[in-house]
Amino acid sequence: MPELPEVETVANGVHERVHGQIIERVWTSGKPQTFKSPESEIAGVLTGARIERVRRVGKTIVVSLSRQTRGDSPHPTSASVGHPSSSVVSSAEFLVHLGMTGRLLVSAPSVEVPKHTHAILSLSGGNELRFVDARRFGRLSVRASEEDAYDGPGIEPLTVSEDDFVALFRGRKTPIKAALLNQSLLHGVGNIYADESLFRAGIRPRRQAGRLTRKELLKLREALKVVLAHAIELGGSSVSDYVDADGVRGFFQLEHRVYMRTGQPCLVCGSPIKKITVGGRSTHYCAVCQK
Ligand SMILES: [Zn+2]
């Protein structure tokens, strides 16, 4: 399942390849699970729109769109030269959630359309932006221009302030691991990066979130940022592997220190990494390094 760094890498890679282009035609598969907005609405919003920017918000890829619309005056006078009053820009957003297996590919039309393709956007630059999703947990939707820019359900872990981060966990009786995974608090943190950041911060995953000291929480905030930023950096170098249709499938791997290393020696102290379940999720930690 793609986590925040992978989604950021995909968003950046797609942005580089498609921004500034006009969506000329839209095809959708008709599979209802995939579409959170009606397919006709998605096609209506996307067709003819210009892709301004592709970015990540939490684990959602947000495509910002603009559209040239006719102004009031059908007869522009010489006075309007330099003042393009005959066209105004309206904007909307196309939201892509990759789910478990979703992929966003930039392909030449001549490249065979993969199985499980649910949307194809034909772009003015000649390529297609394709959404492929075998297990159909991914979601596509559009947001109208009147709404504010999409900013997701929680706070962004890469930019959260110290005070906001500490405040998120105040009074919470859930284990810190579960709180980290709670998408309404911090958005985009998944199982791997929760385990890895708790290890780096020296905090046991079952500790009650509300009982961590400010000092511990600040250490955790720092660890989370370092782990996520490092993973994004690694992803940047392999972006074509999963954005370009003819690339090799699969995400990069961060060098994990605890995640999925059950029984192997801790890289810091040598004692075996333990595996427990917290909030229904497998959780890996070092009983010596984490207090
Ligand atoms: Zn250790």
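## Two loop residues with positive phi

Arg136 is found in the loop that links strand E7 (128-132) to strand E8; helices (H or I, at least four residues) and strands (E, at least two) are DSSP runs, numbered from the N terminus. Arg136 is not a glycine, yet its phi is positive, at about 60°. With a relative accessible area of 26%, Arg136 is partly exposed; buried means under 20% relative accessible area, exposed over 50%, and partly exposed in between (1.4 Å probe, protein chains only).

A second residue to look at is His116, where phi is near 65°, again a positive value in a residue other than glycine. His116 sits in the loop between strand E5 (103-107) and strand E6 (117-123), and is partly exposed with a relative accessible area of 40%. As background, most residues other than glycine have a negative phi.

## About the model

Please keep in mind that this is a predicted model, in which local features need pLDDT of at least 70 and side-chain atom pairs count only at pLDDT 80 or more, while totals for chains, interfaces and linings use all residues. Residues are numbered from 1 along each chain as its sequence is written, and side-chain values use heavy atoms, with hydrogens and water left out.

## The zinc site

Which residues coordinate the zinc ion? They are Cys266, Cys269, Cys286 and Cys289, each through its SG atom, at 2.3 to 2.4 Å. Donors here are N, O and S atoms within 2.8 Å of the metal (3.2 Å for Na, K and Ca); water is not among the atoms, so sites may look incomplete. Along the chain, the donors follow the spacing C-x2-C-x16-C-x2-C. Cys266 lies in the loop between helix H7 (240-243) and strand E9 (274-278), and Cys286 in the segment after strand E10 (281-285), so this pair ties together parts that are 20 residues apart in sequence.

The angles among the four donor atoms run from 99 to 114°, and the site is tetrahedral (four donors count as tetrahedral if all angles lie between 85 and 135 degrees). Cys266 counts as buried at 5% relative accessibility, and Cys286 counts as buried at 0%.

Strands E9 and E10 run antiparallel and are joined by five bridges; two strands pair if DSSP finds at least two bridges between them. Thr277 stands opposite Ser282 in E10. Two residues lie between the strands of this hairpin, where Gly279 takes a positive phi near 55°.

The C-alpha atom of Gly279 is separated by 8.0 Å from that of Pro175, 104 residues away along the chain. Pro175 has its place in the loop between helix H3 (162-169) and helix H4 (176-181), and is partly exposed, with a relative accessible area of 25%.

## A pocket

The second largest pocket is lined by 17 residues, of which Lys36, Lys59, Thr60, His97 and Tyr150 lie nearest its centre. On a 1 Å grid over the protein atoms alone, a pocket is an open set of points with protein on both sides within 12 Å along at least five of seven lines, and lining residues have an atom within 4 Å of a point. Strand E4 (87-97) and strand E8 (139-143) each supply at least two residues of the lining.

Glu255 lies in the loop between H7 and E9 and is exposed, with a relative accessible area of 63%. The C-alpha atoms of Glu255 and Ala231 are separated by 9.0 Å, and the two residues are 24 residues apart along the chain.

Key:
Tetrahedral: all angles 85-135°; square planar, octahedral: opposite > 155°, others 65-115°. 1 Å grid on protein atoms, 1.4 Å probe; cavity = no way out; pocket = protein on both sides within 12 Å on 5 of 7 lines; lining within 4 Å.
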